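Subject: Handing over the structure

Hello,

Here is the structure I promised to pass on to you. Please open it first, and then read my notes below.

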Amino acid sequence: MSFDNAYESLIDHEDTHWAFGTGFSEALAGVDRDVPDVDRADLAAYCLMLGDDALVLSQRLAEWCSRAPELEEDVALANIALDLLGQARLLLTRAGEVEGAGRDEDALAYLRDERDFRNVHLAEIECGPFAGGDFATTMARLLVFSSWKVAQFSRLRTSADPVLAAVAAKGLKELAYHRDHAAQWVVRLGDGTEESHRRMRAGLERVWPFLDELFATHPVESRLPGVAVTSAELRSEVDDVLDAVLSAAGLPRPADVPAARVNGLAGRDGVHTEAFGYLLAEMQHLHRSLPGAKW
Amino acid sequence: MVAGTGTAFEVAASVRDPELPVLTLADLGVLRDVTEEDGRVSVTITPTYSGCPALDEMGADLRRSLLRAGFTSVDVRLSLSPAWTTDWITEDGRRKLREAGIAPPSRLGPRPAGPVPLNLTPPSRRVACPRCGSHRTSEVSRFGSTACKALRRCADCAEPFEHVKEI
C-alpha cells in the first residue's frame, strides 16, 4: 500500500470496513472492576450523577450539529459532545454494574424517566441553538461546566474506585481541552465588538444562577470518603479559573443569585427544569419506539 | 504458535488504526498487551479518547486478523489505565504520519500532578508543515476530522494540513 492518501486503506480493504463503529461493544469490557468496600447503592448513585452530567450535556451540544456559526465550530462542538458521550458510557456502565440490577448503559440512558436522572441543571438548560441562548451562551455554559469538571476529575484521579479513577484520568485531558476552547471563545467574544461583548455578557448572566448547585455537597458524596469528591471543595479552584477568564475577556462577574429550588431539591435529587422533558423525549424516542435499534 | 504468518504479537501489532490507517496499532501506542496460550489470544488495547468511535473497529480488526492468522479464539480487552497520551505514538509512527502529510504531535513528557493550568491563548507551539517543513503555520480549527486532530495551514506552501494534537 502506498501512502499518497492517508485514507486509502479504508476503501480498498477486502473486508467490510468502515471507520465508524456500527455495533458498539460493552463500554467496560476487560477493565479492572473491583468494587471498593463502600455502600454499593451510594457508589451506583454517584456514578449515575457523573454519568448523567456528561450524557445530558453531550445531548445538548449535539443539538448544534449543522447549526454552529462556522463549519469548524460545528465540528468542534460535535467532537466535544463525543468526548462527553464516551465518558458517559463508561460512567453509566459502571453505575449499572455496581447497582447489580442488570441495567446496562443503554437501559440507563434510554429507559429512565425524568425523575430518575441525577444531572445538575447546568447540563440540561437550553443555551442555544434554540430558544434560551445562542453561541455565546453555549460557550458560557461550556466554560463553567468544564472548569467545574476539571476540578472534580483532577481529584477523582485518586479515587478508591479504580474505574472512577481511570475514567477521571482519561477524561481530565479531554475536559481541560474543552475548557480552553470555551475560555478562548469567551475572551474573543467578550473582548470583541460591542455586540459580541453584549451577547457574551448576557450568556454568562443566563448560566450564572446554576453555579450554586455545582458546589452543593450531596449526602451521597459525603457518604463516600476516598471514593467521591465533595462538591463544596471545588468552589475556590473553579472561581479562580472563571475570574481569570472573565478578567482577560473584560467581562464583569455576574451576581451570585442562585436559581430557585423546589422544596430545596434540584437536579441531583431528580428534580429538573421544564426544558429537560423535551430533551429526554428527543434523546429516548427512537430507542423506546424501536427497542435495540442500531444503524 | 499455530500455523500462521507470525506470532500473535506480530499479527496484532500490524493491525492498522481505522482512522489513521498509515499507523499500526503498535505505532499508535494503543496496544498494551498480547498473550497467547494454545492458540487462544488475549489482546489488551487502550482508547485514545473516551468517546473514540474507532475503538470497536480496532477490536473487530484485531479479532479478524488473528483468526485469519490461525489462532482459535481472540479476546480483546480494554484498559483505561494508564491513560493514553500522544507521547505513546512511536518514533516510527511519527515518521509515517509526516510522510502521509499529517503533522505528528510534540512530545509533552510527564504531566504535573496538580491543577491543570488554564490556557487562554491559542497554542503557539511550533508545528512544522509536513509538506514543506516551514514553521510558519497557524491553527485553523482546534478540532478536525477526528477527535484527535486539529486543522492547520502553512503560510509558505499555502497548504492546509492535519495535526495530531497533543493530549
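A question to start with: is A:Phe145 buried or exposed? A:Phe145 is buried, at 1% relative accessibility (buried means under 20% relative accessible area, exposed over 50% and partly exposed in between, with a 1.4 Å probe and protein chains only).

Before the rest, some ground rules. This is a predicted model, in which local features need pLDDT of at least 70 and side-chain atom pairs count only at pLDDT 80 or more, while totals for chains, interfaces and linings use all residues. Residues are numbered from 1 along each chain as its sequence is written, chains are lettered from A and ligands numbered from 1 in the order in which they are written, and side-chain values use heavy atoms, without hydrogens and water.

**Aromatic pairs**

Over all chains there are five aromatic pairs (rings of Phe, Tyr and Trp, the last by its six-membered ring, with centres within 6.5 Å; planes under 30 degrees apart are stacked, over 60 edge-to-face and the rest tilted). One of them joins A:Trp64 and A:Phe135: the centres are 6.0 Å apart and the planes stand at 90°, so this pair is edge-to-face. Because A:Trp64 sits in the loop between α2 (40-62) and α3 (71-99) of chain A and A:Phe135 in helix α6, the pair ties together parts 71 residues apart in sequence (helices are DSSP runs of H or I with at least four residues, strands runs of E with at least two, numbered from the N terminus). A:Trp64 is buried at 4%, and A:Phe135 is buried at 10%. Together with A:Trp185, these two residues form one aromatic cluster.

A:Phe145 also has a partner, A:Trp148, in an edge-to-face pair with 5.9 Å between centres and 70° between planes. Both lie in helix α6 of chain A, three residues apart, about one turn of the helix. A:Trp148 is buried as well, at 0% relative accessibility.

**Helix α8 of chain A**

In α8(A), the buried residues are A:Ser196, A:Met200, A:Gly203, A:Leu204 and A:Val207. Seen down the helix axis they fall within an arc of 95°, so they line one face (the arc is taken from the directions from the axis to the C-beta atoms). They pack against α5, α6, α7, α9 and α11 of chain A (contact means heavy atoms within 4.5 Å).

**Chain B**

B:Lys149 belongs to strand β6 (residues 149-154) and is buried at 0% relative accessibility. Its C-alpha atom is 9.3 Å from that of B:Ala103, 46 residues away along the chain.

Enjoy exploring!
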